[in-house]
Amino acid sequence: MAGMGSGPDHLFNLRNTFYLGAYQTAINNSEIPNLSPEDAVERDCLVFRSYIALGSYQLVISEIDEAAATPLQAVKLLAMYLSSPDNKESTISSVKEWLADSTIGNNAILRLIAGTIFMHEEDYNEALKHTHAGGTMDLHALNVQIFIKMHRSDYAEKQLRVMQQYDEDHTLTQLATAWLNLAVGGSKIQEAYLIFQDFSERYPMTCLVLNSKAVCCMQMGNFDEAESLLLEALNKDAKDPETLANLVVCSLHVGKSSSRYLSQLKLSHPEHVLVKRVSSAEDNFERALQSIA
Amino acid sequence: MLTKFETSSNQVRGLSFHPKRPWILSSLHTGVIQLWDYRMATLIDTFEEHDGPVRGVHFHISQPLFVSGGDDYKIKVWNYKTHKCLFTLLGHLDYIRTVQFHHECPWIVSASDDQTIRIWNWQSRTCVSVLAGHNHYVMCASFHPKEDLLVSASLDQTVRVWDIAPLRNKKKTPLADDDDIMGLTQMNSDLFDATVKYVLEGHDRGVNWAAFHPTLPLIVSGADDRKVKLWRTNETKAWEVDTLRGHSSNVSSVMFHAKHDVIVSNSEDKTIRVWDATKRTEIKTFRRENDRFWILAAHPETNLLAAGHDSGLIVFKLERERPAFALSGDSLLYAKDGFLRRYEYSTQKDSQVIPIQRPRTVSHSPTENAALISSDLDGGSYELYIIRSGTVQRDAKRVSGGGSAVFIARKRFAVLDKSTGQEEVLVVKNLKNEVVKKIPLPIPTYAIFYAGTGTLLCRCEDKVVMFDLTQRLVLGEVHTPSVRHVVWSNDMESVALLSKHTIILASKKELVIQCTLHETTTRVKSGAWDDDNGVFIYTTLNHVKYCLPNGDSGIIRTLVVPIYITKVSSDKIFFLDRDGRNKEITVNATEYMFKLALMRKRFDHVARMIEGSRISGQAMVAYMQQKGFPEVALHFVEEEGHERVRFNLAIESGNMSVAVASATKINEKDYWFRLGVEALRQGGNSSIVEFAYQQTRSIERLSFLYLITGNLEKLSKLMKKKDVMGQFQNALYLGDVKERVKILEKGGLLPLAYITASVHGLKDIAERLSIALGDDVPSLPQGKTHSLLMPPIPVVCGGDWPLLRVMKGIFEGGLESGNDDVEEGDWGDALDMVDVEEDGEGSGWGGLELLDTPFMTPSQGMDVSQIWSQESPLAAEQAAAGSFDTAMSLLHRQLGIKNFAPLKSMLLDLFSGSHSYLPAFSSSPVLTSLTANLQPPHLRLALLSAMGVCYKARNLATAYNFAKRLLETNPTESQAKTARQIVQAAERNMTDATELNYDFRNPFVICGSTYVPIYRGQENVSCPYCTARFVPSQEGKICGICDLAVIGADASGLLCSPSQVR
């Protein structure tokens, strides 16, 4: 398990900044001296994953060469997968190939990347096939997310319990708890909100945390606070898709026009769930209109 | 008198209650001492060592000892646990009449016909004092319960009180200092140191009994002069207070009652008499036909008394101890210490209401605040009280034979009047105690109980009948042993009928029995419904128990003394104790709540309780197994130590994953075998079957399994096993002729190999074999056409068969908690028998790690949108879920809307607004999560648009209408502001711009499309959405005001909150 070693954990801060979505900070602070070879690989993974999160796919693809370690190759696969819809099929087949290779198939990062890709493909079955065994906090957290996606909060809760056994205070454990709380809803939302509140007090605010808090607020019907949080997030990153999407939702609820945010989102992230939902809804509506007429 | 227990034996001369246990010792004229359990009515033991009648017995207060004294002049001390006579004290020279332990000192006092009283130390087993003075038989002697006094009665017609304080002081001097001889002499001189304090003279004949009052300086005595005398003592003298006359023969025993102010005496005149100790009048007489009474005994703690007579003993109480009470809502009316009191549960306020006689039952009419107090007095009577604040109006006391009076309605009560001799007639009276009507009863009735307004439960000997007094109709009947109490649930839907040993739970409707419960060994005392849960809580002599509607019962807790439950509220039990005090206890209701949840199949509750792990124990496991919930029981079996139980439960509930995990842990052949059988039976769980067979090394089974599942690949791997027969069989299964020939050849069966090869046309092999065979080449049968025997090619190589997914509900998830990795299902290659090729048979089969990887992804759960679109009757939710067609048809039905185009943006907004987006793991898809509050904005948006439309058209009155409605929905500030502006504008100018023919004297509305006024009473149609009115000719068109709905369409009205649906 990452970070469970007896020696000092040099990557602790890097990991946290990454998990909390401060990707540029993570990249900027990645020069850590005296890293063991394994730690260096993990560091590189985190850095490249941060680049991916920032959308710099080509950088990752060009910087990781053939000689790089398996985890980095896996990260490269993710970059390739995300860089263009044309690459998807070929990437998936190489992922499958690598997973079948018994020498590297069990690599935690590879499995994590595979899980992420299959999750994008909405093939949760395939994703879980590689991630369910866990092994790292990242994998468990991904499992929680997959189970939530599948609307199986019961399984998500079990995963969460495993994480809590390893390290209850781990950032990912906390985050996963909040996700699950949000998925379960009701009185749990308050808890989720408090978890994000903790994060925002301990670490610099990121779009991720701001959005998460805003989602909590919206779920509690507190749209005014959600709006101010989202606007703060928009200040930090004017193109963040989730911020835009949530602003659309929030504006609808406070009775403001949402069209600007929506067109922004359509322009910058045509593949975003909200965009897809809206366009499919329009089709749906027309169809329904015809059927009722 | 309430007789609790009776024996029939020889004449009983001595009695003693055990201070703690429900035991009584009786010593018989035959010389036998019997130990009885009066509660269970069983003879526990007999002690037979005395020769001749035993007249005195007594239990020690704390040690397992008792003492007996008989006509054989012997005092024996026994240990009842070891059933042994520990020692015998000798010294008396004649019959011994009574023996008694001292409550503190290790002393025994004995009274004897040798005219002496002796005090013995039962530890040193010596006589410590001889009290001489009486000059005839001493009939009884007993210690004072607190002071250093002793009272004795003698046939010399006197009662003597002795001071034994010097004796106690002597005890303190150390005896060890004296040598033996000195001690003996000292003892002899000290033997007579107890002195007579008073001699009570007054009886004209021999005195049989004398007893101290437990607290007051009083003595009571009974004598052969048939009199009971009461004496008073002070520091210096003693005198006679009064004489109680009534017995017609020798008074044999007499005593003060410890708790009531009465004197109880018995006599050879076959009666027990109870006297008022203050008024000194006789209260009651209990008579036996043939038996003279000889002895009385009182229980040191409780109210029980016992009397011995010529043919046995009786244990009895003078009066019932159950406090009479009636519950109405939050308050309890109950009787205590000569008062009717009221207790309020919520405030715990306890107040005295009216003074009353000790009642048997209380019936209460809460609205009129009237109480009926029925008592046994004068052979049955009742009193009616109207309690008004401040003053109590006491209404006509009405005596009637056996009368039990019960309220049947607010101002009516029913009286069972037996005095008239017409048992079957019930009298209904009003609050003035006037007869309203007389109703003949359907059965000879002994008692009546309330059963809802105008309805009674009538009890006769063997059944209870529910009788409707207004219809005079029998609504239902139940056969039951004599019912003593009836307890209704709060909603009057269920009733509990309590008899001595039986509880019947029945429904009000037609009195259908839900369950019958027998308490075989103990008596049912009281009960109350746990109304929240429909569980009946009751008490027996020594337990609080529950009874579920299905008849399951169990103990909640034990009791030291009986209690009378008055009310149960969640986990609190309110009760009256025997002294009539209101108390409450908190009980652990988990067990019955759990069983209840199980019974009602409320597995969510069950799961919650399991999670809270408030339930444990083997009994629960057995219970659930027995009740057919092995899958639930599975949760209770901890993995450590109970793996076998766990396995059995898993098999029973068909939970293969747990079964596999268990079998792995147990790892015994038998269990693997059973696992295999069950997996097969479940149909196609072949990976588990395979695993089980691998574990048990059942090669034959395994190869057959591979054959039928078409797993040729593994079948061929199996061929590499050493077992020749098995190899051949597998080759046959596989249709592999070459392999068969090879096996036959290897096995030395060359002719067979040759035939096989040649028949199948393997010429080169056949030739090679024929060379090897030389001359012995077998001849092939001629003229036969040979056919190739090949097993059918499998169509599919099956893994597990798809199983129908049965909703296992809540337990589906929790089960695997302990072993996350074990799941049913087949990932194909996980069970590969990698090591088959190895030579050592054992080594290849050990791989347990092979199976702990099968993992099955859980099925997809249901999205909330899906739930909405499937179930919601709300257009808004349907739209939010993206089911626009459903939303539209709903809106059409509810509001008659036909033109949806203007609603497009609104509906789309609802949909897009329904989910927010949670960025989760870096680079993974976002999680969507629901946002709150959908319906009101929807309604608001609609109203807002309608209002705008009307305002722009200057139809101010209509716009006003909408604005008002909008304000009611609690809109956002900006919306509210607009609405208010419109309201103001409209109020200034309450007209519609397009009006015509304005006539303010006649109320009218204007047709929304033709602008013709429609006066009240004129025919018109309206738009179901915006309620604008139209002239009938416009019907069927789209309303021009809101541009949404069809004019005059039938509409049910908008549902905009789930609460409207329910």
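# Helices, rings and loops: worked exercises

In chain A, 49% of the contacts (heavy atoms within 4.5 Å) between residues at least 6 apart in sequence join residues at least 24 apart. The model is predicted: local features need pLDDT of at least 70, side-chain atom pairs count only at pLDDT 80 or more, and totals for chains, interfaces and linings use all residues. Residues are numbered from 1 along each chain as its sequence is written, chains are lettered from A and ligands numbered from 1 in the order in which they are written, and side-chain values use heavy atoms, with hydrogens and water left out.

## Exercise 1. Chain A as a whole

State how many helices and strands chain A has, and what percentage of its residues count as buried.

Solution. Step 1: helices (H or I, at least four residues) and strands (E, at least two) are DSSP runs numbered from the N terminus. Chain A has 17 helices and 0 strands. Step 2: buried means under 20% relative accessible area, exposed over 50%, and partly exposed in between, with a 1.4 Å probe and protein chains only. Chain A has 293 residues, and 53% of them count as buried.

## Exercise 2. Two helix pairs in chain A

Determine how helix 13 and helix 14 of chain A are oriented to each other, and do likewise for helix 5 and helix 6 of chain A.

Solution. Step 1: axes are lines fitted to C-alpha atoms over the stretch in contact, and angles run from 0 to 180 degrees between N-to-C directions. Helix 13 (residues 207-219) and helix 14 (residues 223-236) of chain A have axes that come within 8 Å and cross at roughly 165°. Step 2: angles under 35 degrees count as roughly parallel, over 145 as roughly antiparallel, 65 to 115 as roughly perpendicular and the rest as oblique. Helix 13 and helix 14 of chain A are therefore roughly antiparallel. Step 3: residues of helix 13 of chain A in this contact include A:Leu210, A:Ala214 and A:Met218, while those of helix 14 of chain A include A:Phe223, A:Leu229 and A:Leu230.

Step 1: helix 5 (residues 70-83) and helix 6 (residues 88-100) of chain A pack at about 155°, with their axes 9 Å apart. Helix 5 and helix 6 of chain A are therefore also roughly antiparallel. Step 5: among the residues that meet are A:Leu77, A:Met80 and A:Tyr81 from helix 5, and A:Thr91, A:Val95 and A:Trp98 from helix 6, all of chain A.

## Exercise 3. Aromatic rings

Explain why the pair A:Phe18 and A:Tyr23 is edge-to-face, and state where B:Phe101 and B:Trp122 lie.

Solution. Step 1: rings of Phe, Tyr and Trp (its six-membered ring) pair if their centres lie within 6.5 Å; planes under 30 degrees apart count as stacked, over 60 as edge-to-face and the rest as tilted. Over all chains, a search of the whole structure finds 19 aromatic pairs. Step 2: the ring centres of A:Phe18 and A:Tyr23 are 5.7 Å apart and the planes stand at 65°, so this pair is edge-to-face. A:Phe18 is buried at 1% relative accessible area, and A:Tyr23 is buried at 13%.

Step 1: B:Phe101 and B:Trp122 have ring centres 5.9 Å apart and planes at 85°, so they too are edge-to-face. B:Phe101 belongs to strand 10 (residues 96-101) of chain B, whereas B:Trp122 is in the loop between strand 12 (116-121) and strand 13 (126-132) of chain B, 21 residues away. B:Phe101 is buried at 3% relative accessible area, and B:Trp122 at 12%.
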